[in-house]
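Please keep the sequence and the model in view while reading.

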Amino acid sequence: MNRKVIFKGVALPYLLLLPQLLITVVFFFWPAGQAIWFSFLRQDAFGIRTQFVGFENFADLFADPLYIQVIGNTVVFSAAVTALSIATALLLAVLADRQIRGAQGYRTLLIWPYAIAPAVAAVLWIFMVHPSIGLLGQALNGMGIPWDYKLNGAQAMLVVIIASAWKQVSYNFIFFLAGLQSIPKAVLEAAAIDGARPVRRFWTIIFPLLSPTTFFLLVVNLTYAFFDTFGVIDALTKGGPAKSTETLIYRAYIDGRVNLDLGSSSAQAVVLMVAIIALTAVQFRFIERRVHY
Amino acid sequence: MSTTELPRIAALPAAEEAATPAPRPRRMGDVVTHGVLILGVLLFALPLWIVIMGSTHDAASIGRGEVPLLPGAHAIENYAGAWAGGTSATIRVPVAVMMLNSVVMATAIAVGKIAISLISAYAVVFFRFPGRMLAFWAIFITLMLPVEVRIFPTFKVVSDLGMMDSYAGLIVPLIASATATLLFRQFFMTIPDEFVEAAKIDGAGPMRFFWDVALPLSRTNMAALFVILFVYGWNQYLWPLLVTTSGNVETIVVGIVKMIGSEANTEWNIVMATTVLALLPPVAVVLLMQRWFVKGLTDTEK
């Protein structure tokens, strides 16, 4: 990773690095360090006295059945969002990659949702699923199926999953399309000549060759579902009804912002940090292996 | 009837396949392909269509539960009303102000991230100095600290620095970027040694080389990153929600959700018009720069 020919100088490179490092230290390392430190502290009810309590915040957290429920919500939500958005994107990408009329048009029409904010995607979906002013919500109630995601926890979970997955499909679509275009055409033609039908060609050639892309997207989508869907949940359900759509990040926000529980919210931040470090480590281990392969 | 019809239908495909084996399944496959793709396009277009149509109706007809699928007559007053007056739920902050704030935030984040990543990657690649690898890893590790996991301590730092409710507070904490630095580093590694040697022989110093060679060569990467980072900045939600305490620096994405509030007396027509306005800039940037953006995205993240 080193260049052979370089420039001389010591002051200049430090100067060039200064802005990035300054922001990194002030807004990343210092706050992250504080989060870890606060996670071992506890404040009294008036915020006057603070004492060191070791791992008590963590112990309390994992002894809290509501927190366990939140972990369960997060797992269900993240798995569903990831599976739904990856499967939809893969289907659309395989079809849009075929030699058909208007392929470029389809691609453009499937790429634009990338630009939509998670919170805005949620607002768009309000007008689909709202029980009284939404297209689908109205239709369901009209057919005699009681539908109100503000009252029914399972329906609320379904709605935040759909809105979050919907927003992420175009991202996955872009990567699958790029992956498909890098598969050598000769391999596919050889299989076709040997008499392999499209479905068989997909499962025996295309899908295995796409596995690096799929794996990469798996990690990215899980990270997205963990962290970036805060806006979706805040706009649609605010974690309700009865905490049924509260995820780890939403709970950390509520405890810090609304309940002002510094120790617990810091402990939750540390739990989230561990989760993302694990996800990133998995991703980079995998990339390393692929480079050697 | 069924006894006479059935054998004929069953025999038909076999007879045709014998005559023209290839074209028929292919044509059938194409029809299915188009069908599924059109369904996919509709799945993404329909929610947007409803909001665009809804933004041209008055509040009463949406409130009554008439789902708007065709244009109405109130487009101008809805958009003008939103643009100049906002809604009462957002203390009448005009959408124009929120849009301006979002434009400033997204542009500053994109330009700022590109600028500081470009120079730090240049330092790491083209120089040898003590602590070089340490600096690189320090930047790299920020990948694992997204703003969501360090919100409250970061919030505290920002408030201690007196940056609450200001553009600086919105922008600066989000401006460090490991991905952009990694991309530029990777790209700088591919600049041939001969270029550097030629520049040295001609007496060009490191800054001259940066302005005349490295920067112009990075133009495509910068364009692609600009799209990705502009969208990233525009779509921020949690951080602006915490940092803005008055209407002065309210961003549009946060503003829409506040407009909906608790759904009591929500001015849905204004919400819909605002949603369309909030979508336009990032969607336009992505569509206009589609080619660069797609290449940039798939290059950056791998």
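A residue is called buried when its relative accessible area is under 20%, exposed when it is over 50%, and partly exposed in between, with a 1.4 Å probe and protein chains only. Chain B holds 16 helices and zero strands, where helices (H or I, at least four residues) and strands (E, at least two) are DSSP runs numbered from the N terminus.

A contact requires heavy atoms within 4.5 Å. Among the contacts in chain B between residues at least 6 apart in sequence, 71% join residues at least 24 apart.

## Basis and confidence

Residues are numbered from 1 along each chain as its sequence is written, and chains are lettered from A in the order in which they are written. This is a predicted model, in which local features need pLDDT of at least 70 and side-chain atom pairs count only at pLDDT 80 or more, while totals for chains, interfaces and linings use all residues; side-chain values use heavy atoms, with hydrogens and water left out.

The predictor's confidence in each residue is its pLDDT, from 0 to 100. Chain B has a mean pLDDT of 82, and 89% of its residues reach 70 or more. Among the elements of chain B, helix α5 (residues 95-126) has the highest mean pLDDT (93), whereas helix α1 (residues 2-19) has the lowest (38). Over residues 1-23 of chain B the pLDDT is below 50, and this stretch has two contacts in the model beyond near neighbours in sequence. Where pLDDT is low, the predicted coordinates should not be read in detail.

## Where chain B meets chain A

In the model, 109 residues of chain B are in contact with 93 residues of chain A. One salt bridge is counted between the two chains, and it joins the side chains of Asp30(B) and Arg98(A) (3.4 Å, N to O); the term covers a side-chain nitrogen of Lys or Arg within 4 Å of a carboxyl oxygen of Asp or Glu. Helix α2 (residues 23-54) of chain B gives the most to the side of chain B that touches chain A, with 18 residues.

## A residue in a loop

Thr266(B) lies in the loop between α14 (252-260) and α15 (268-288) of chain B. Thr266(B) is buried, with a relative accessible area of 12%. Not counting residues up to four places away in sequence, Thr266(B) touches Met259(B), Ile260(B) and Val271(B).
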